[in-house]
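Trainee: Please take me closely through one part of this model. I want the cross-link and the strands around it.

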Amino acid sequence: QVQLVESGGGLVQAGGSLRLSCAASGSTFNAMGWYRQAPGKQRELVAIITRGGTTVYADSVKGRFTISRDNAKNTVYLQMNSLKPEDTAVYYCFVDLPSRYWGQGTQVTVSS
């Protein structure tokens, strides 16, 4: 059974930074990444990174967020800079094995 443990969420002022981490138990994963869900909105993809390091970002976070992974630690990171109030959401990490597994979610709140 794959388990994911997220950390790093919190409250930050607009323009600030946060770094999310997600550590997964088990074997080496294919894609890893992050989704987010704001109140009253659908869950949306934020960023994804393949085992080989190829990355894809949502247009809304390009140039501000950076996804990375440490395969030896089975951990995926999301560095979030220049945060905006509209980035406020619960952030969920996922890993593909190929079955998809989800983290429990971590709250990110950006105040204006």
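Mentor: A disulfide is a pair of cysteine sulfur atoms within 2.5 Å. The model is predicted: local features need pLDDT of at least 70, side-chain atom pairs count only at pLDDT 80 or more, and totals for chains, interfaces and linings use all residues. Residues are numbered from 1 along each chain as its sequence is written, and side-chain values use heavy atoms, without hydrogens or water.

A search of the whole structure turns up one disulfide. Cys22 and Cys93 form it, with their sulfur atoms 2.0 Å apart. The torsion about their S-S bond is about 50°, so the disulfide is right-handed. It joins distant parts of the chain: Cys22 sits in strand β3 (residues 18-24) and Cys93 in strand β9, 71 residues apart. Strands here are DSSP runs (E, at least two residues), numbered from the N terminus. Both Cys22 and Cys93 are buried, meaning under 20% relative accessible area with a 1.4 Å probe, protein chains only.

Now follow β9. Strand β9 (residues 89-96) runs antiparallel to β4, and six bridges join the two. Strands pair if DSSP finds at least two bridges between them. Across this pairing, Arg36 stands opposite Tyr91 in β9.

Strand β4 spans residues 32-37 and is mostly covered, with five of its six residues buried. Strand β5 (residues 44-49) is also antiparallel to β4, joined by five bridges. There, Trp34 has Ala47 as its bridge partner. Six residues lie between the strands of the β4 and β5 hairpin, where Gly40 takes a positive phi near 75°.

Technical notes. Buried means under 20% relative accessible area, exposed over 50%, partly exposed in between (1.4 Å probe, protein chains only). Helices (H or I, at least four residues) and strands (E, at least two) are DSSP runs, numbered from the N terminus.
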